[in-house]
Amino acid sequence: WTCDYCNNKFNNWAECLDHEEKCTTKNDHGQKSCFTQFEVNNDRETYLLETSKDGEYLSERQCYIRKHFIEVFKANKTDVAARHSRGAQKLNENQIGFRCAFCMKLKPRDRAAKAICYPSRISRIYQTVADMQRFHFEACSGIPATMMSTYKSLKTTRPRGTIAPQVYWDTSAKDIGLVDSPNGIKVGQEEGMDLFLSQKKDANVEKEHEHEANA
């Protein structure tokens, strides 16, 4: 049984009901707070793909994915060892990866396909996320039903007269400090690192929380 507000899981309906009555993520109207749309994972530092210009160039659905569904992260030694043990494509430490924000608390075998991806270069990010849309998000058991309903209701058409989506995805990746390297996508030195750090998920979620509290 899963709480409708915070997505925590319980062994039975009675426990879940008792929790929902005092769930701290429920607002004064008994609704799920916008703040809780951000899934919080504490296993590592993660970063947002979203930028302030997304709405000018992308569809509503793509904006929603970039803000809520995807976490950007840097591969660590554990990731490298796990991937190589499966005989998968070579992975390097600090290489940039993309993962679904909602199923990282599940065991790997319980996750739908494409839960974690490592695009080889910036020009592959657009297709990588398209593959996650097609093969993962629709099948992911970790995404709350309310969020999936919102996702499906959003428009898939982008603003007219703008640059091609592929071009924007490439440009916006560079705008947050990502660069191509012989060992996959990495964070650029100096200015690139500052830009990337500004995308830290926990800091941006806190800003959203403060904005909601003051609204």
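A residue is called buried when its relative accessible area is under 20%. The model is predicted, and the points below describe its packing.

**Helix α3**
- Helix α3 spans residues 60-69, and eight of its 10 residues are buried, so the helix is largely enclosed by the rest of the structure.
- The buried residues of α3 are R61, Q62, C63, Y64, I65, R66, H68 and F69.
- The cover over these residues includes α2 (54-57), α5, α6 (145-153) and α7, together with the strands β1 (70-74) and β2 (96-100).

- In soluble globular proteins, nonpolar side chains tend to be buried together.
- Here the largest nonpolar core comprises 37 residues, and those with the most contacts inside it are F69, I96, F98, I125, F137, I143 and L178.
- At least two residues of this core come from each of α3, β1, β2, α5, α6, α7 and β5 (184-187).
- Apart from this core lies another, of five residues, including A75, V80, L91 and Y118.
- Leaving aside residues up to four places away in sequence, I143 touches F69, F102, F137 and M148.

**Helices α5 and α7**
- The axes of α5 (residues 125-137) and α7 (residues 165-175) come within 8 Å and cross at roughly 110°.
- Angles of 65 to 115 degrees count as roughly perpendicular, and α5 is therefore roughly perpendicular to α7.
- On the α5 side, I125, Y126 and V129 take part in the contact, meeting P165, Q166, W169 and A173 of α7.
- By class, this contact between α5 and α7 has six nonpolar residues, one polar residue and no charged residues.

Key. Residues are numbered from 1 along each chain as its sequence is written. This is a predicted model: local features need pLDDT of at least 70, side-chain atom pairs count only at pLDDT 80 or more; totals for chains, interfaces and linings use all residues. Side-chain values use heavy atoms; hydrogens and water are left out. Axes are lines fitted to C-alpha atoms, for helices over the stretch in contact, and angles run from 0 to 180 degrees between N-to-C directions. Helices (H or I, at least four residues) and strands (E, at least two) are DSSP runs, numbered from the N terminus. Angles under 35 degrees count as roughly parallel, over 145 as roughly antiparallel, 65 to 115 as roughly perpendicular and the rest as oblique. Contact means heavy atoms within 4.5 Å. Ala, Val, Leu, Ile, Met, Phe, Trp, Tyr, Cys and Pro count as nonpolar, Asp, Glu, Lys and Arg as charged, and the others, Gly among them, as polar. Buried means under 20% relative accessible area, exposed over 50%, partly exposed in between (1.4 Å probe, protein chains only). A nonpolar core is a set of buried Ala, Val, Leu, Ile, Met, Phe, Trp, Tyr and Cys residues joined through side-chain atoms within 4.5 Å.
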